[in-house]
Amino acid sequence: MFGRKKKPLLGIDISSSVVKVIELNQKNGKYCVEAYAVEPLPLNSVIEGRIENTDEVASAIKRAVKRSASKAKQAAVAVSASSAITKIVSFPSSLTERELEEQVMMEADNYIPYPLEEVRLDFEVLGTSASDVDAVDVLLAASRSEIVDARIEVLEKAGLKAKLVDVEAYTIENTFSLIAQQLPNQGQGLTVAVVDVGATVTALHVLVDGKIVFTREQSFGGRILTEDIERHYGMSYQEAGRAKKQNNLPDDYNAKVLDPFKRSMVTTVTRGLQFFFSASTQYQSIDQIILAGGCASIQGIDVMIEEESGTPTSIANPFMDMVLENKIKIQALSNDAPSMLIACGLAMRSFD
Ligand SMILES: Nc1ncnc2c1ncn2[C@@H]1O[C@H](COP(=O)(O)OP(=O)(O)OP(=O)(O)O)[C@@H](O)[C@H]1O
Ligand SMILES: [Mg+2]
């Protein structure tokens, strides 16, 4: 009656700097963190969402799973918004499931700018169309086969089975129920920008009432800061990465290196929002910004973004209302919390 009836599922975020794994369970109506680990990736083993070195990534996944002590053998992974195409298309609601599938496959060609034999295609019925009661809206999602297949292969090499491949933006939508608890009125009726500033990519997702209406990726992230530290203080990439997180750098670090980075991060976020406003006819304001990704942990960045954008800004914590298994280290988990959204959204697919 309680907990999960299905096999456990690991959410795995294969990002550009690390592999993040998490397994969730449900206990007494709350999510529970069963297992989790973050494992660094060698530089350039994943570039812009492409797995460049399968062996390195597979062994990082293996190490992460081992360290997490999860027993799960099935995993869920995601592809980035820029390597996937999603479209909402309407079909007559009179079609049977079978007929609908046939129609979707026949018409997909019109919406996907690649030959169909080069893509992995999937669809999901969203519900009755807002503009026509006799139609259903169907979400089409396609990604190039090589991107999807590389993920399946790397999981297999790590001794796991790929249960599902999602699109990052939809994993964020999946976590909305977790982050909504940080929002006024549980996020109902709000337009919320989730800005994920990672190591190399800044992804802006705009959600209205918890549904994704806009996603855009920019090439900006914490690696720029790491490289600035390397150059400025003659450190190796690893040393710079560590020093940055521990904040033990010379006195002039804030003024000479960190502040300029923070200013460009603020500009990246506000430009992203301006891009959204100019692309949208329907939405001209954002009620709340939620900062995610490793760079959300930079001290004072939330205040700077709030002041510059004039929008209330908070830092994502998907674990706010979760129960933790005894073996989970609270300090490590709370440090990593803002960058665990995608992995959490994937692990939550276990309860679909
Ligand atoms: N406390 C901190 N202070 C400053 N930077 C931090 C801190 N914690 C993490 N970072 C930086 O955040 C980045 C990693 O964030 P994250 O885990 O979100 O990236 P990622 O998901 O691997 O990257 P991407 O999504 O771009 O592929 C690194 O550049 C890391 O140095
Ligand atoms: Mg990331």
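Helices (H or I, at least four residues) and strands (E, at least two) are DSSP runs, numbered from the N terminus. Keep that in mind for every label on this tour.

**Before you start**

This is a predicted model, in which local features need pLDDT of at least 70, side-chain atom pairs count only at pLDDT 80 or more, and totals for chains, interfaces and linings use all residues. Residues are numbered from 1 along each chain as its sequence is written, while chains are lettered from A and ligands numbered from 1 in the order in which they are written.

**Stop 1: Ala69**

Select Ala69. It sits in the loop between H1 and strand E6 (74–79). (Buried means 20 or more other C-beta atoms within 10 Å of the residue's own, exposed means 12 or fewer, and partly exposed is in between; C-beta atoms are placed from the backbone.)

**Stop 2: Asn53**

Now select Asn53. This residue is in the loop between strand E5 (50–51) and helix H1 (54–68). Asn53 has 16 other C-beta atoms within 10 Å, so it is partly exposed. Asn53 and Val154 are 101 residues apart in sequence, yet their C-alpha atoms are 9.3 Å apart in space.

**Stop 3: H1 against H3**

Show H1 together with helix H3 (residues 145–157). They pack at an angle of about 55 degrees, and their axes are 8 Å apart. (Axes are lines fitted to C-alpha atoms, for helices over the stretch in contact; angles run from 0 to 180 degrees between N-to-C directions.) H1 is therefore oblique to H3. (Under 35 degrees counts as roughly parallel, over 145 as roughly antiparallel, 65 to 115 as roughly perpendicular, and the rest as oblique.)

Which residues make the contact? From H1, pick Thr54, Val57, Ala58 and Ile61; from H3, pick Ala150, Glu153, Val154, Leu155 and Lys157. (Two residues are in contact if their C-beta atoms, placed from the backbone, lie within 7 Å.) By class, this contact of H1 with H3 has 6 nonpolar, 1 polar and 2 charged residues. (Ala, Val, Leu, Ile, Met, Phe, Trp, Tyr, Cys and Pro count as nonpolar, Asp, Glu, Lys and Arg as charged, and the others, Gly among them, as polar.)

**Stop 4: Ala180**

Go to Ala180, in the loop between helix H5 (176–179) and strand E11 (191–197). With 18 other C-beta atoms within 10 Å, Ala180 is partly exposed. Leave aside neighbours within four places in sequence: Ala180 is then in contact with Gln186, Gly187 and Gly210.

**Stop 5: Asn247**

Select Asn247, in the loop between helix H7 (237–246) and H8. Its phi is near 60 degrees, a positive value in a residue other than glycine. Asn247 counts as exposed, because it has 11 C-beta neighbours inside 10 Å.

**Stop 6: H8 against H9**

Finish with helix H8 (residues 253–279) and helix H9 (residues 301–309). They pack at an angle of about 45 degrees, with axes 10 Å apart. H8 and H9 are therefore oblique to each other. Colour the contact: Lys262, Met265, Val266, Val269, Thr270 and Leu273 of H8 meet Ile301, Met304, Ile305, Glu308 and Ser309 of H9. The contact of H8 with H9 has 7 nonpolar, 2 polar and 2 charged residues.
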